[in-house]
Amino acid sequence: MTAHQNGTISIEVSDFLLNCFVRSPNWQLWLSLPLSLLFLLALGANGILLITIRLGACLHEPMYYLLSLLSLLDMVLCLTVIPKVLTIFWFDLRSISFYACFLQMYIMNCFLAMESCTFMVMAYDRYIAICHPLRYSSIITDQFIAKAAVFILVRNVLFTMPIPILSARLFYCGRNVIENCICANMSVSRLSCDDVTINRLYQFAGGWTLLGSDLILIFLSYILILRAVLRLKAEGAVARALSTCGSHFILILFFSTILLVFVLTHVAKKKVSPDVPVLLNVLHHVVPAALNPIVYGVRTQEIKLGIQRLLKKGW
């Protein structure tokens, strides 16, 4: 029992209940199978990709190190979100402890921002490869990748730290049912008895600063790439240049499309079911993770050959 500033006495919350798809409970049943298959595919495909890059000496290059980092981030995001969602679907284990909820919130925000930042570095890598091919090996070195990895880690660890801290310091006075499958910042914050304006502002400003700046830089990279490609006169040069960054562009589309749809459904929340943003939020943690390694495995000859050699050895 705790006395709050306004003089009311209330029970302090020690855990939360995740209430998935309240208005469409039948979604849980038909979603559980594809979600579990996507989860297994994401872990399996990313695991194979990481082993292939680790064992293939010809894949020990900056571009593949960035791809390895992306795979690791995808796996962590999947493991942070999907097992808990599946336990809710299958066993109705909706309870999550106070601290586990804020830890999940932090990992989701931090690793999504890291993923966005990795895409930005990958776009720069493709820009140098196509616009300055003769200088590529002197610019994109192992040292550059190490510095980029430190930048990705430090920037996003520090900038996303206030999100769970601001939410955890709020006073939760009895209401503990989160209308979501995951501990999303605003879904949790709106349960508190305190003013959440600072939380909303930081989430909005942080999101647009981190993800927005990354997307702008990615967009600029591709404009410069397109401009350079259109100047190429040699036969087949345009197709070859575009194919080298095609895989990366597809991955960015996976990442940003679900994010964009999620933002739009939030903006038009009165016109769509509240369960739709919840569904998109869950899918955003598994669909890109499942499809990213497949796109690179199919479109990149070196990775395709490396996976074939790995599977032959295993067989």
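## The second largest pocket

Helix α9 supplies the largest share of the lining of the second largest pocket, namely seven residues. In this predicted model, local features need pLDDT of at least 70 and side-chain atom pairs count only at pLDDT 80 or more, while totals for chains, interfaces and linings use all residues. Residues are numbered from 1 along each chain as its sequence is written, and side-chain values use heavy atoms, with hydrogens and water left out.

The pocket holds about 280 Å³ of space. Of its 13 lining residues, Ile 218, Phe 219, Tyr 222, Phe 249 and Ile 252 are the closest to its centre. Two or more lining residues come from each of α8 (197-231) and α9 (237-267). By class, the lining has eleven nonpolar, two polar and no charged residues. Here a pocket is an open set of points on a 1 Å grid over the protein atoms alone, where a 1.4 Å probe fits, with protein on both sides within 12 Å along at least five of seven lines; lining residues have an atom within 4 Å of a point. Ala, Val, Leu, Ile, Met, Phe, Trp, Tyr, Cys and Pro count as nonpolar, Asp, Glu, Lys and Arg as charged, and the others, Gly among them, as polar.

## Helix packing around α3

The axes of α2 (residues 62-91) and α3 (residues 98-131) come within 10 Å and cross at roughly 160 degrees. The two helices are therefore roughly antiparallel to each other (angles over 145 degrees). Their crossing is left-handed, and the contact has 17 nonpolar, three polar and five charged residues.

Helix α3 also packs with α8, at an angle of about 15 degrees and with the axes 9 Å apart. That makes α3 roughly parallel to α8 (angles under 35 degrees). This crossing too is left-handed (the near helix is turned anticlockwise from the far one by less than a right angle). The contact of α3 with α8 comprises 19 nonpolar, four polar and two charged residues.

## Annotated segments and a loop residue

An unreviewed UniProt entry places the feature "transmembrane region" at residues 27-51, 63-90, 96-123, 144-166, 208-230 and 242-264. Residues 27-51 are 100% helix and 0% strand, with the end C-alpha atoms 35 Å apart. For residues 96-123 the values are 93% helix and 7% strand, and the end C-alpha atoms are 38 Å apart. Helices (H or I, at least four residues) and strands (E, at least two) are DSSP runs.

Asp 92 lies in the loop between α2 and β4 (95-97). Its phi is near 55 degrees, a positive value in a residue other than glycine.

How values were computed
Points joined across faces, edges and corners; volume = space filled by probe spheres on them. Axes fitted to C-alpha atoms, helices over the stretch in contact; angles between N-to-C directions. Parallel < 35°, antiparallel > 145°, perpendicular 65-115°, else oblique. UniProt positions renumbered as here; feature names shortened; annotations may be inferred.
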